[in-house]
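Subject: Structure handover

Hello,

Here is the structure I said I would pass on.

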Amino acid sequence: METYDYLILGAGPAGLTFANLLRMKAPELSFLVLEKEDTPGGLCRSKEVDGSALDIAGGHFLDVRRPEVNRFLFTFMPLDEWNLFDRDSRIHMGTYEIGHPFEANIWQMPQEEQVKYLKSIAAAGCNLGTPMPEKFVDWVTWKLGDKIAEDYMLPYNGKMFGGDLDALGTYWLDKLPDVSFEETLLSCLNRRPYGTQPGHAQFYYPKRYGYGELWERMGRALGERILYQKTVTGMNPEERIVTCADNSVFKAGAIITTIPWRSVKEYENCPGEIADSIGKLKSTGTEIKYVPKPLDTKAHWIYLPDPEIPCHRILVRQNFCTGSRGYWEETNLSRVTDTGSEHAFVHEYTYPLNTIQKPAIMSQLLGYMRQRGVYGLGRWGEHEHYNSDRTVERAMQLFAELSEEGHS
């Protein structure tokens with residue numbers, strides 16, 4: 001059994017960041033990264049498809065809003081290797097497209113449509129002072145009005161997340177762009193968007209590579225301290241022991257886990273309620289399929305609420321990935337009908353679901369594990385829908401916290 005100060009499970013953005021911080025700032029400590037794939041990057045990996053890079057798990061971009069994160073990442077891939085873009089994302093509404101977010105761009109619709117949406121928003125519960133509901137479907141109507149709910153938010157989220165939307169909580173919806181009725185009205189009168197901008201209002205994307213190049217470099221910086229094709233199948237939190245599918249066994253002073261909790265088949269010596277709660281965590285998977293056909297649009301990505309169209313989002317790589325053509329479609333696995341595409345990439349774990357019971361589950365789970373030296377980190381370790389820059393920030397925060405506690 002090999003023993004280390006730290007075992008890091010998963011070589012996505014969270015694991016790579018934490019490992020490189022150990023390498024750079026705590027060289028006296030031993031650590032090892034275990035990664036089930038043969039390359040680093042997790043959901044941010046890229047492959048060459050049709051002569052240029054394709055991000056195989058959907059659209060990933062480096063947001064400009066976290067300069068400390070970007071300064072750290074630019075030590076691996078300098079700023080002069082990135083292009084800076086102003087976000088152009090759109091919503092396809094059948095015969096026309098409007099900008100995203102929906103309520104900030106109603107002014108781009110025909111006037112008769114604007115009137116219908118404005119009347120609906122004015123009658124929304126949040127504008128009438130009615131109490132905020134607890135169920136997701138009711139909340140969407142309460143916040144945005146029944147017309148935006150019926151025409152966009154509910155069908156789109158139904159496609160993206162699948163299943164029963166009322167199984168989702170409402171505690172996470174404050175992350176959505178906030179545009180008041182007054183701001184919506186002003187945008188229609190002045191023909192420009194008002195309100196807060198969504199994430200990635202400005203973003204970086206590599207000039208010559210896919211987004212995965214950044215994480216490849218971070219993986220290479222770790223050298224032999226990362227092992228590939230190591231699928232974690234078991235964990236004993238009390239002893240901080242990890243078992244892999246090839247029967248290799250590792251022990252650590254502390255474990256940083258960035259992989260889906262449900263992907264580990266056995267948690268040895270865990271109370272039944274902890275194992276049961278892990279089984280209740282929900283997530284969705286996706287298929288990313290490349291389409292070589294060029295699109296006549298300047299958009300970077302397009303949202304597709306139409307239930308008759310299987311995919312929920314299109315990423316137009318020709319508009320941000322230098323030298324590329326075509327686009328890729330992102331489809332919830334439950335809606336995939338054509339599995340014969342040459343350039344299709346399937347991911348069992350893509351989006352953690354913010355179910356009603358998730359906060360209680362994660363509070364109990366993370367608390368129990370932390371007491372035993374096991375720390376959940378990132379999109380899957382914390383079961384939060386983090387973008388990559390937020391994931392890197394969380395890794396930096398955890399490293400600083402453990403350093404202050406004397407763990408590194």
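Strand β11 (residues 232-236) pairs with strand β14 (residues 266-267) in the parallel sense, over two bridges. In that pairing, G234 stands opposite E266 of β14. Please keep in mind that this is a predicted model.

β11 has another partner, strand β12 (residues 241-244): these two run antiparallel and are joined by four bridges. One of the bridges links N236 to I241 of β12. The hairpin made by β11 and β12 has four residues between the strands, and R240 takes a positive phi there, near 55°. As for burial, four of the five residues of β11 are buried, so the strand is largely enclosed by the rest of the structure.

Next, the helix. α12 covers residues 388-404, which is 17 residues. The buried residues of α12 are S388, D389, T391, V392, A395, M396, L398, F399 and L402. Just after the helix, G406 has a positive phi of about 90°.

Now the aromatic residues. A search of the whole structure gives 26 aromatic pairs. One of them is Y211 with W215, an edge-to-face pair with 5.8 Å from centre to centre and 80° between the planes. Y211 and W215 are both buried. F320 and W328 are another pair: their ring centres are 6.0 Å apart and their planes are at 85°, so this pair is edge-to-face too. The cut-off that decides this is an angle over 60 degrees. F320 and W328 are also both buried. They belong to one aromatic cluster, together with F61, F85, F203, Y205 and W301.

Two charged side chains lie over aromatic rings. K147 is over the face of Y117, at 4.9 Å from the ring centre. R372 is over the face of Y368, and here the distance to the ring centre is 3.7 Å.

Regards

Methods. Residues numbered from 1 in each chain as written. Predicted model: local features only at pLDDT ≥ 70, side-chain atom pairs only at ≥ 80, totals over all residues. Heavy atoms only, no water. Phe/Tyr/Trp six-rings, centres within 6.5 Å; stacked < 30°, edge-to-face > 60°. Buried < 20%, exposed > 50% of the residue type's maximum accessible area, 1.4 Å probe, protein only. Lys NZ or Arg CZ within 6 Å of the ring centre and 35° of its normal. Expected span 1.5 Å × (residues − 1). Pairing = 2+ DSSP bridges.
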